[in-house]
Structures are given as structure tokens and as C-alpha cells.
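Student: Could you take me through this protein? I would like to know how its parts pack together.
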Amino acid sequence: MSERDIARRLIQHYHTRDPFSLASLTGREIITRPLKGVRGFYQYFKRNHLIYLSDNLDHISKKFVCAHELAHSFLHCDINAVYLDSQTNFIAQKFEIQADRFAADFLISDADVNEYATWPMDKLSRMWGIREEAIKYRLQHAQIELRV
């Protein structure tokens, strides 16, 4: 199942696009702490799903980082990305792209895409707190009717 399918099923089942609500509803614990060099990370430890968020993020960035880390918890819960990055030669880029795409699908509705599809990419990125590549993916995979 793709990251897009998983995001849509979660939205449909839990009736939310709020990553903090979804975390609570699915038993993920959010921990906000000072983090050096990272905005957030996901850890599965002793049957606990833990999402760490940097305490210096603004609310918009925090939403995206939370959704991104939720993606890891649903898509890659058995993979220790911190270990992969620091102790192996494995490139975790594939997992990061999937998590960004999940976050974009989860946070941006088709109605939002329809309303803002003609806006410049950098403006959408700032408004939604989502990387431009993930927004491009979301725009390409939306079911929209562009107004002319």
C-alpha cells in the first residue's frame, strides 16, 4: 500500500487531518524537547511509538514535522533511521521522500489544492510548511478541477 493510500485511510477512519490528534488517537506519544541539528525524529522503543519534535519550531513547521514523523511510524516503524544514517552506508533518502509525501497527502486536502493550485510553489511551501518537492507531488496527484 502506498503512502498516499495509508494517509487517505487514516483520514477517513479517524476523521482528522491534524497530526497531533492522529498521534493521540493512534497511541503515538509526542515529546517536545530541545534538539540539536534535527527538527524531529521517530523512535519505536519497548512497544511505544515516540515522536520527538524540536521545541524551537513554529506551529506550521511543527505540524509538518509531526506529520512527517507519523509517516515513519506508519510506514517504517521497524526501521531505525537514526541508526541507518549514523552506522550504515544505507541511504535513507527513500524513506524521507515517502514521509514527506505522506505528510503532504495528510495535511493538504484536495479542496486546498484546488484553491491554491495556481500559487507560486515557494509561497505554498511557506504557507503550509511543507517542502516544495512534496507539494509538487501533492499537486500532481490531486483530483482537482482548475478554475479558469
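Tutor: One convention comes before the rest: a crossing is left-handed if the near helix is turned anticlockwise from the far one by less than a right angle, and right-handed if clockwise. The model is predicted, with local features needing pLDDT of at least 70 and side-chain atom pairs counting only at pLDDT 80 or more, while totals for chains, interfaces and linings use all residues. Residues are numbered from 1 along each chain as its sequence is written, and side-chain values use heavy atoms, with hydrogens and water left out.

Student: How many helices and strands does the protein have?
Tutor: There are eight helices and three strands. Helices (H or I, at least four residues) and strands (E, at least two) are DSSP runs, numbered from the N terminus. Their order from the N terminus is α-α-β-β-β-α-α-α-α-α-α.

Student: And what percentage of the residues is buried?
Tutor: Of the 148 residues, 43% are buried; the term means under 20% relative accessible area, with exposed over 50% and partly exposed in between (1.4 Å probe, protein chains only).

Student: Now the packing. At what angle do helix 3 and helix 5 pack?
Tutor: Helix 3 and helix 5 pack at about 120°, and their axes are 8 Å apart. Axes are lines fitted to C-alpha atoms, for helices over the stretch in contact, and angles run from 0 to 180 degrees between N-to-C directions. The angle makes helix 3 oblique to helix 5; under 35 degrees counts as roughly parallel, over 145 as roughly antiparallel, 65 to 115 as roughly perpendicular and the rest as oblique. The crossing of helix 3 and helix 5 is right-handed.

Student: Which residues make that contact?
Tutor: Among them are F64, A67, L70 and F74 of helix 3 and A99, F102, A103 and F106 of helix 5, where contact means heavy atoms within 4.5 Å. By class, the contact of helix 3 with helix 5 has twelve nonpolar, three polar and three charged residues. Ala, Val, Leu, Ile, Met, Phe, Trp, Tyr, Cys and Pro count as nonpolar, Asp, Glu, Lys and Arg as charged, and the others, Gly among them, as polar.

Student: Is A67 buried or exposed?
Tutor: A67, which is found in helix 3, counts as buried because its relative accessibility is 0%. Leaving out residues up to four places away in sequence, A67 touches P19, F102, A103, F106 and L107.

Student: What about helix 5 and helix 8, at what angle do they pack?
Tutor: Helix 5 (residues 93-107) and helix 8 pack at about 55°, with 9 Å between their axes. That makes helix 5 oblique to helix 8, and the crossing is right-handed. D100, R101, A104 and D105 of helix 5 meet A134, Y137 and R138 of helix 8. This contact has three nonpolar, no polar and four charged residues.

Student: Where does helix 1 cross helix 5?
Tutor: E3, R4, I6, A7, L10 and I11 in helix 1 meet Q98, R101, F102, D105 and F106 in helix 5. The two axes come within 9 Å and cross at roughly 35°.

Student: Changing topic: which residues of helix 7 are buried?
Tutor: In helix 7 (residues 121-128), the buried residues are L124, S125 and W128. They lie on the same side of helix 7 because they cover an arc of only 100° around the axis, the arc being that of the directions from the helix axis to the C-beta atoms.

Student: What covers them?
Tutor: The cover includes helix 3 (59-75), helix 6 (110-116) and helix 8 (132-140).
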